[in-house]
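Here are my notes on the model you sent over.

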Amino acid sequence: MVLHTILTPDWVKNAKLIAAENPRLEGFVPSEGGRHPKILLLGEAPGDQEVKQGRPFMGPAGKELDRWLASLGLTREDIYITGVVNSRPFSIGKTGRKRDRRPNQAEVKQAAPMFDWELAQFPGILLVPMGNASLQRLLGNHAKIGELHGQLLERPIQQFDQAANAFKFATEKRRIFPLYHPSYSKRFKNMQTIVDEDSRKLKQIILNVI
């Protein structure tokens, strides 16, 4: 399996500096995928296993992703994976151990220029945000995965305006297919039917549209 990252050395250097300056971020996990992806998977942020191995979706989450991709007739060479933030956001629990947390707005903004640049490298590719964090990065905080999952959307997406320090919607529309995270049904068994149906719809889109 041949995977690569589109990130340039300058983007990587800048992202590592952001993590180094934030005591509640650790590591850096570059985006990766095949050279001719059929879909662009958008996650939230890497976790402990991803930071340790330096690759997205490792450990149990990675095994679940690979099983899910196989059900779609895909491998990691058929997709490209990136995240809203490419370093691990963590908090310290009562036991003193690190725990994953959702990136805050300041961290999302810091990572935004690179995220926007990455998406711009894949014009016309179907965007598949997995969960609220990546969905809301695209469509704003009003967007909810519970309302939009399993629907093929065509909408403008948010881009970060550094001068205004704010997100603004682009004029160009992108195709978007929001999904619950592949591991969601493992934690919430009652969601299995919904998750499977959304995956079936995505498979049809890949076969018929892409």
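**Notes on the model**

1. Start with helix H5, where the buried residues are Ala 133, Ser 134, Leu 135, Gln 136, Arg 137, Leu 138 and Leu 139. Buried here means under 20% relative accessible area, exposed means over 50%, and partly exposed is in between, with a 1.4 Å probe and protein chains only. H5 spans residues 132–139 and is mostly covered, with seven of its eight residues buried. Helices (H or I, at least four residues) and strands (E, at least two) are DSSP runs, numbered from the N terminus.

2. Before going further, a word on the source: this is a predicted model, so local features need pLDDT of at least 70 and side-chain atom pairs count only at pLDDT 80 or more, while totals for chains, interfaces and linings use all residues. Residues are numbered from 1 along each chain as its sequence is written, and side-chain values use heavy atoms, with hydrogens and water left out.

3. What covers the buried residues of H5? The cover includes strand E3 (39–43), H4, strand E7 (126–129), helix H6 (145–148), strand E8 (153–161) and strand E9 (166–176); contact means heavy atoms within 4.5 Å.

4. Next, the helix pair. The axes of H1 (residues 9–20) and H4 (residues 105–120) come within 10 Å and cross at roughly 155 degrees. That makes H1 roughly antiparallel to H4. For the angle classes, under 35 degrees is roughly parallel, over 145 roughly antiparallel, 65 to 115 roughly perpendicular and the rest oblique. The axes are lines fitted to C-alpha atoms, for helices over the stretch in contact, and angles run from 0 to 180 degrees between N-to-C directions. From H1, Trp 11, Ala 15 and Ile 18 meet Gln 110, Pro 113, Met 114 and Trp 117 of H4.

5. On to charges: there are 12 salt bridges in the structure, each a side-chain nitrogen of Lys or Arg within 4 Å of a carboxyl oxygen of Asp or Glu. One of them pairs the side chains of Arg 55 and Glu 32 at 2.7 Å, N to O. Arg 55 sits in the loop between helix H2 (48–53) and helix H3 (59–71) and Glu 32 in strand E2 (residues 32–33), so this pair ties together parts that are 23 residues apart in sequence. Arg 55 is partly exposed at 30% relative accessibility, whereas Glu 32 is buried at 11%.

6. Asp 48 and Lys 52 also form a salt bridge, 3.2 Å from N to O. Both lie in H2, four residues apart, about one turn of the helix. Asp 48 is partly exposed at 27%, and Lys 52 is exposed at 60%. The two belong to a salt-bridge network that also links Glu 26, Arg 88, Lys 98 and Asp 100.

7. Lys 168 and Asp 161 make a further salt bridge, at 3.1 Å from N to O. Lys 168 is partly exposed at 44%, and Asp 161 is partly exposed at 24%.

8. Last, have a look at Ser 199 in helix H8 (residues 192–208). Is Ser 199 buried or exposed? Ser 199 counts as buried, at 9% relative accessibility. Its side chain makes a polar contact of 2.8 Å with that of Trp 68. A polar contact is a pair of N or O atoms within 3.5 Å; within protein, one must be able to donate a hydrogen and the other to accept it, and residues adjacent in sequence count only if both atoms are side-chain atoms. Leaving aside neighbours within four places in sequence, Ser 199 is in contact with Trp 68 and Leu 72.
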